[in-house]
Amino acid sequence: MKIYQEVSNSSNNDIDRLTARQREANILKKIAQTYRHNSSEYGKKEQLLKQSLAIYQEIGDRLGLVYSLLGNLETALELYNLELEALKKASQFYTQLGDSETASIFEYRQPLVALEMGKIYAQLEDNRNEVEAYNQARIIYQKLQDYEGEVYFLIEIAERYEKQENLERMEEFLNHAVTVYRETGDRLQEANFLRERIAGFYLYRLEPSEKGLETLNQALKIYQEIGNQTEIAKTLYLIGFFYSSALRRAQLEMQTETEWQSPHYWAAFTLQGEWR
């Protein structure tokens, strides 16, 4: 282990230095595993695991990123897997000690590593393992009962698919987020998400836009059930805006056709008065 420490301190090559750190972490973990789980030795085991974990986190983030940027995705995955395994062991160790607060710190780190792994699987076009990595992260959030964290994670995945123009997968993960709110009984957040995220997605990103109107009506129904008058008014405004926009598009389309240019045909599609 001393040799690896010297290499990591003296090397000018980032990959060599971080690789040496990886081997140092492996040795620390193996030494820690030789200590029995009892009151006289768990202190030494804890210290070694902490040292090992700190290195895994360093190399997982940095060396994994380096190899990923170099295009060596398989090696990057191996490094992220090392970090993930170390985080799981640390979480289990502190759970056994009855220190749930420290255990949760290591658990919260795991979804972030899983996300990076999912990104690499996406580059490799390995759809099965990509989805599996995301599902692992969701399971951790569910275990911690951090449903808001799970929703934010799902939104981040959906936004990644949006950037890739993979709207089908984007829709899938947005709907997963709605399901989280529905299953936890948070009706207000469910309605808000339907109106502000899902409806907008259907109205502006997918065709036909009628699905967006259907989603707005779903949100409206929930607001009516819980008696939130303010949100009812906001949603009705959006529904009205949808109809006015649809009428305006129909009017413009008719005006471009020679046979329909006369107001006799398109005037019926003009809203009168202050509908808002």
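**Two helix pairs**

Let me begin with helix α6, residues 127–143, and helix α7, residues 147–163, which in this predicted model pack at an angle of about 160° with their axes 9 Å apart. Since angles over 145 degrees count as roughly antiparallel, α6 and α7 are therefore roughly antiparallel to each other. The crossing in which α6 passes α7 is right-handed.

As for the residues involved, α6 brings E130, Y134, A137, R138, Y141 and Q142 to the contact, and these meet G149, E150, F153, L154, I157, R160 and Y161 in α7. Sorted by class, the contact of α6 with α7 has seven nonpolar, two polar and four charged residues.

Now to the other pair, helix α9, residues 187–204, and helix α10, residues 210–226, where the packing angle is about 165° and the axes lie 8 Å apart. That angle makes α9 roughly antiparallel to α10.

Which hand does the crossing of α9 and α10 have? For α9 and α10 the crossing is left-handed, and on the α9 side the contact is made by R187, L188, E190, A191, N192, L194, R195, I198, A199, Y202 and L203. From α10 the contributing residues are K211, G212, L213, T215, L216, Q218, A219, I222, Y223, E225 and I226. The contact of α9 with α10 divides by class into 13 nonpolar, four polar and five charged residues.

To put the two side by side, then, α6 crosses α7 in the right-handed sense, whereas α9 and α10 cross in the left-handed sense.

Terms used: Residues are numbered from 1 along each chain as its sequence is written. This is a predicted model: local features need pLDDT of at least 70, side-chain atom pairs count only at pLDDT 80 or more; totals for chains, interfaces and linings use all residues. Side-chain values use heavy atoms; hydrogens and water are left out. Axes are lines fitted to C-alpha atoms, for helices over the stretch in contact, and angles run from 0 to 180 degrees between N-to-C directions. Helices (H or I, at least four residues) and strands (E, at least two) are DSSP runs, numbered from the N terminus. Angles under 35 degrees count as roughly parallel, over 145 as roughly antiparallel, 65 to 115 as roughly perpendicular and the rest as oblique. A crossing is left-handed if the near helix is turned anticlockwise from the far one by less than a right angle, and right-handed if clockwise. Contact means heavy atoms within 4.5 Å. Ala, Val, Leu, Ile, Met, Phe, Trp, Tyr, Cys and Pro count as nonpolar, Asp, Glu, Lys and Arg as charged, and the others, Gly among them, as polar.
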